[in-house]
Each structure stands twice: as structure tokens, then as C-alpha cells.
Amino acid sequence: MKRIAVYTSGGDAPGMNACIRAVVRTSIFKGLEIYGISYGYDGMINGNIKKMQSHSVSNIIQRGGTILKSARSEQFMTKEGRKKAYDQLRANGIEGLVAIGGDGTFTGAKVFFEEFGIPVIGCPGTIDNDIYGTDYTIGFDTAVNTALEAIDKIRDTAAAHDRIFFVEVMGRDSGYIAVECGIGGGAEFVMVPETETDIKKVVKSLKNLRKTKSSSIIVVAEGGEEGNADQIMEKVKNKIQDEDKEFKVTTLGHIQRGGNPTARDRVLASRCGMAAVEGLIDGKSNCMAGVVSGEVLYTPFDDCINKTKPLTGDHLKLIEILSI
Ligand code: F6P
């Protein structure tokens, strides 16, 4: 293997740049030529492929976003699109790929490998922390800290006005961001897609809590069966029927995706990036380089995509106990 390429795909995550940097510099260190594909699979299809040097990744380790840009490609979901991408890779002499992204990115990479045989190794880049085969994903720690900072600020104003705040955080179908910023931010409740939301129970507890607390923070993960934070707030408000109490909603949205990556995300990204290149050199493929219990581990894409990473039991228990 002499020439490989790296791309970022799907939702961006803080730390993707640190990962690109590690892939580029490890490749050069090991004597490989390294190319960057811009705009993920769309860029692969359109031949948006450029050679990278060590200096191409200077001064990016601290930056959020991705210098290679990202996209969610409709075209790559078709066989014709993937054939075009393969032709572009061949025209550029690319013999291996590093895919930085989440499960959608890995699904594309797996199909592509099975159809055309170009070795590919993934690095887990998503704020959602919903990938099996790594304890944490690149971007998760930064996103949790961003959400936490927002919750701290909301708590100040919630307390000043004796209000109940519903704070909606990202995570698609995963409650990881919600539980971790909920624990760190001292939330009274956290609602996650992994467990059923019992509105009656929330109402009962909120009424109880009013004896000791004048304000409350409820963290709502997007993707739950009871709807978004606005809808949940309305349901709770209707049941509490307290004219004196004010309810507010804050949706944190895409601010969770940006910002300078934390030290943890930079280190994780660097480790995964280096491991991906080393894995390709060792002849590995169709798998993701992640970190499990402190050790780098390669997990087949099949498992990363199909196995779920459940919330650990003590996350939700902690919130219940610590919010009394
Ligand atoms: O997967 C990352 C993520 O930020 C999810 O948490 C969220 O549901 C989704 O992407 C938002 O996607 P988009 O940026 O396309 O709106």
C-alpha cells in the first residue's frame, strides 16, 4: 500500500480535525502518500481529492469542524454513485481509505468495501457516542461540556425566577449526551430515548420537589417517544396546572457540534487516527479503530453498525438519587 485517502462524513464533530491531522502525519511518518477527500462521499464521487502534506494539517488540532468539510451523500447510497466513487479513487491511485464519521459513514464504507474491495478503516467521529466498539466517540466529550456550560447558565436564571426549564440536547437516538450533562449539571430529570418517559411520574416528582426546590432543570434528549422538549413541556405543564409556575424551553441545537475540542477528544482522535493508518498497513479492513478500556481495539463495521451501546444502569440511577 503506497497511497491512501482520508475523509470526514455525516455530522461533523469537534476533534475530527485532530483525527485528520493524526492520519496525515502517521501516513507520512510511515512513508505513505496521503490524500484528502473533501465533502465525504460526495467529494469521492466528484473527484474532490487532493494530496496532503504535513503542513496541510498545521494549526488545526484545536479547531472544531472539519477542514475536509462534510456531507450526507444521497448519491453514494446508489450503486451508480459508488461506482463513480470507485473510478475516481482508481484514477487517483488510492489503495486504502480512512473514514471518519458515525454509523452512516461506516455503513457506506462497509458496502463500498464489499463491492469494490478497497480496504477501509473507520474512526468514530460523532457527538452522539452511539457507536459500539469504542467507549467514547470523537466529539462527545466536547459536546457534553458545551451542553453543561449552557445548563450552568440556565440554572442561574432558572433559580433567579423560580422557573422550570426543559433543556433539549442532541444525540439522535442516544441519551448519552443527555445523561452526562444531566449528571454534571445536577438536573432534576433526564429523559432519554432508551427508556420510556413516564410523564405522570415526572409530574408527581416535580410536585414533591417543590417542597424543597424552587427551580428545576429537566434535560430532554431529542428522539424520545414523548416528542421534543416543547411538546414534553406542554404535557407536563397541563398536568401540573399551577398558574404561578413558569415553564421555559431551551433547545441547544447545533452549538453542541462546534467549538474547540477538549483535551480528551483531541487525544482520542489522535489515537484513533494513528491506529487507522497502522491498521491499513497491517492489512486490516472493514473495521473501526476505537478505544475500549484504554486500549486501541479494531471492531468489525458489522458490529459497530448493528450492535447497540446501551446506557449503563448507574447513569439513570445516579440522577434519581442525586436530584432529591
Ligand atoms: O449525529 C450527530 C447529530 O448532531 C445528531 O445528534 C443530530 O440528531 C443530527 O446530527 C443533526 O443533523 P443535522 O446537522 O443534519 O441537522
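Q: Which residues make up domain 1 and domain 2?
A: In this predicted model, domain 1 covers 3-139 + 261-306 and domain 2 covers 142-257.

Q: How far apart are the C-alpha centres of the two?
A: The C-alpha centres of domain 1 and domain 2 are 35 Å apart.

Q: And how many residues are in contact across the two domains?
A: On the domain 1 side 14 residues, in contact with 12 residues of domain 2.

Q: What about the largest nonpolar core, which members touch the most others?
A: V98, I217 and V219, out of 57 residues in that core. Helix α5 (residues 140-161) supplies the largest share, 8 residues.

Q: Where does this core lie relative to the domains, and why?
A: It lies between domain 1 and domain 2, because both give residues to it.

Q: Take V219. What is it in contact with, leaving aside neighbours within four places in sequence?
A: I151, V167, V169, A178, C181, G182, A187, F189, V190 and M191.

Q: How many residues are in the second core?
A: That separate core has 25 residues, among them Y86, A99, V120 and M288.

Q: Back to A178 and C181. Which residues of helix α6 are buried?
A: Y176, I177, A178, V179, C181 and G182 are buried in α6, which spans residues 176-184.

Q: What follows α6?
A: G186 does, with a positive phi near 65 degrees.

Q: Where is N129, and is it buried or exposed?
A: N129 sits in the loop between β5 (120-124) and α5. Its relative accessibility is 0%, so N129 counts as buried.

Q: And D162, where is that found?
A: D162 is in the loop that runs between α5 and β6. With a relative accessible area of 38%, D162 is partly exposed.

Q: Switching to the ligand. Which residues surround it?
A: R72, T126, I127, D128, M170, G171, R172, E222, H254 and R257.

Q: Which side-chain N or O atom is 2.9 Å from an oxygen atom of the ligand?
A: One in the side chain of R72. R172 also has a polar side-chain atom 3.1 Å from a ligand oxygen. From G171 it is a backbone N or O atom that lies 3.1 Å from an oxygen atom of the ligand.

Q: How much of the ligand's accessible area does the protein cover?
A: The protein covers 75% of the 400 Å² that the ligand has on its own.

Q: Last topic, N17. Where does it lie, and is it buried or exposed?
A: N17 is in helix α1 (residues 16-29). It is buried, with a relative accessible area of 1%.

Q: What is N17 in contact with, leaving aside neighbours within four places in sequence?
A: I60, R63, G64, G65, T66 and I67. With I67, the side chain of N17 reaches the backbone nitrogen at 2.7 Å.

Q: How far is the C-alpha of N17 from that of K69?
A: Those C-alpha atoms are separated by 10.0 Å, and N17 and K69 are 52 residues apart along the chain.

Terms used:
Residues are numbered from 1 along each chain as its sequence is written. This is a predicted model: local features need pLDDT of at least 70, side-chain atom pairs count only at pLDDT 80 or more; totals for chains, interfaces and linings use all residues. Side-chain values use heavy atoms; hydrogens and water are left out. A nonpolar core is a set of buried Ala, Val, Leu, Ile, Met, Phe, Trp, Tyr and Cys residues joined through side-chain atoms within 4.5 Å. Buried means under 20% relative accessible area, exposed over 50%, partly exposed in between (1.4 Å probe, protein chains only). Helices (H or I, at least four residues) and strands (E, at least two) are DSSP runs, numbered from the N terminus. Domain bounds come from an automatic or database domain assignment. Contact means heavy atoms within 4.5 Å. A residue is near a molecule or strand if one of its heavy atoms lies within 4 Å of it. A polar contact is a pair of N or O atoms within 3.5 Å; within protein, one must be able to donate a hydrogen and the other to accept it, and residues adjacent in sequence count only if both atoms are side-chain atoms. Accessible areas come from the Shrake-Rupley method with a 1.4 Å probe; for residues, only the protein chains shown count as cover.
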